Amino acid sequence: MIYFLDTADTAAIARLADLYPIAGVTTNPTLIAREKRPFADIIKDIRAVIGDGAMLHVQVTGNDADTMVAEARKLADFVGAGFHPKVPVTAEGIKAIRRLSGLGFRVTATAIVTAQQALMAAVAGAAFTAPYVNRLDMIGGDGVRVVADIVHLFRIHALPTRLLTASFKNVQQVHDIAMAGAHSATLPPDILEALIRHPLTDSGIAGFAADWAAAYGEGRTTADLI
Ligand code: E4P
């Protein structure tokens, strides 16, 4: 499983990338806009926090393939190694994915809500496909089912494209896509942190700490006793 952070909040990225095995960061126009500061500064700051070479997925905002390709070329110079252009799966987007993949870009096809969109993007050469799980669940769809179908399709068609599952609002969704065989997930900070949180773990650790302190003294660790 490869974990990404789905945010443009550099303070959150710095804190969580220090704690968790994060392979990179994904952004989208909404996440960038939420920061209310210059786009270039945000991208530079994310790059500084995650380091050179870590994956950074930045979405193009043009509507036609020519514009998207030009954006991706310019972003590639700006973002550096590990840059992945995110391209939505419109008809022009598929055209851009074909062209960018031919130029050697590792494209992330985004805004995917059906398995056929993912299949088309993969055949067009996308390196990653980003199906939106929660957005489907919110309208009575089945995001996990779509992910499972994509996993199955890529397997039976022997496509090397990876799934970068996206749009999560709870831990169960993340568990279900992992069980379905998805390769990676991009998570908002609160969902990433919730993945390992459990009251039984907290009470278990508190019990260990109390027993230890009673026997060996407050604040002493194993290293103090050998
Ligand atoms: C994925 O590429 C998007 O950035 C994102 O995961 C969408 O998530 P949302 O539905 O929480 O906006």
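In what order do the eight strands close into a barrel? They follow S1-S2-S3-S4-S5-S6-S7-S8, with parallel pairing. Welcome to this predicted model, in which local features need pLDDT of at least 70 and side-chain atom pairs count only at pLDDT 80 or more, while totals for chains, interfaces and linings use all residues. Residues are numbered from 1 along each chain as its sequence is written, and side-chain values use heavy atoms, leaving out hydrogens and water.

**The barrel**
- From one strand to the next, the twist averages 25°, with axes fitted as lines to C-alpha atoms (for helices over the stretch in contact) and angles running from 0 to 180 degrees between N-to-C directions.
- Strands (E, at least two residues) and helices (H or I, at least four) are DSSP runs, numbered from the N terminus.
- Strands pair if DSSP finds at least two bridges between them.
- Strand S5 (residues 108-112) pairs with strand S6 (residues 128-131) in the parallel sense over three bridges.
- Thr 108 stands opposite Phe 128 in S6.

**A helix across two strands**
- Helix H4 (residues 65-79) lies across strands S3 (55-59) and S4 (83-88), and runs at about 155° to S4.

**Around the ligand**
- The residues around the ligand (a heavy atom within 4 Å) include Asn 28, Thr 110, Tyr 132 and Arg 135.
- Asp 6 has a polar side-chain atom 2.6 Å from a ligand oxygen atom, and Lys 86 likewise places one at 2.6 Å from an oxygen atom of the ligand.
- For Ser 167, a polar side-chain atom lies 2.7 Å from an oxygen atom of the ligand.
- Taken alone, the ligand exposes 340 Å², and the protein buries 87% of that (Shrake-Rupley method, 1.4 Å probe).

Terms used: Contact means heavy atoms within 4.5 Å. A polar contact is a pair of N or O atoms within 3.5 Å; within protein, one must be able to donate a hydrogen and the other to accept it, and residues adjacent in sequence count only if both atoms are side-chain atoms.
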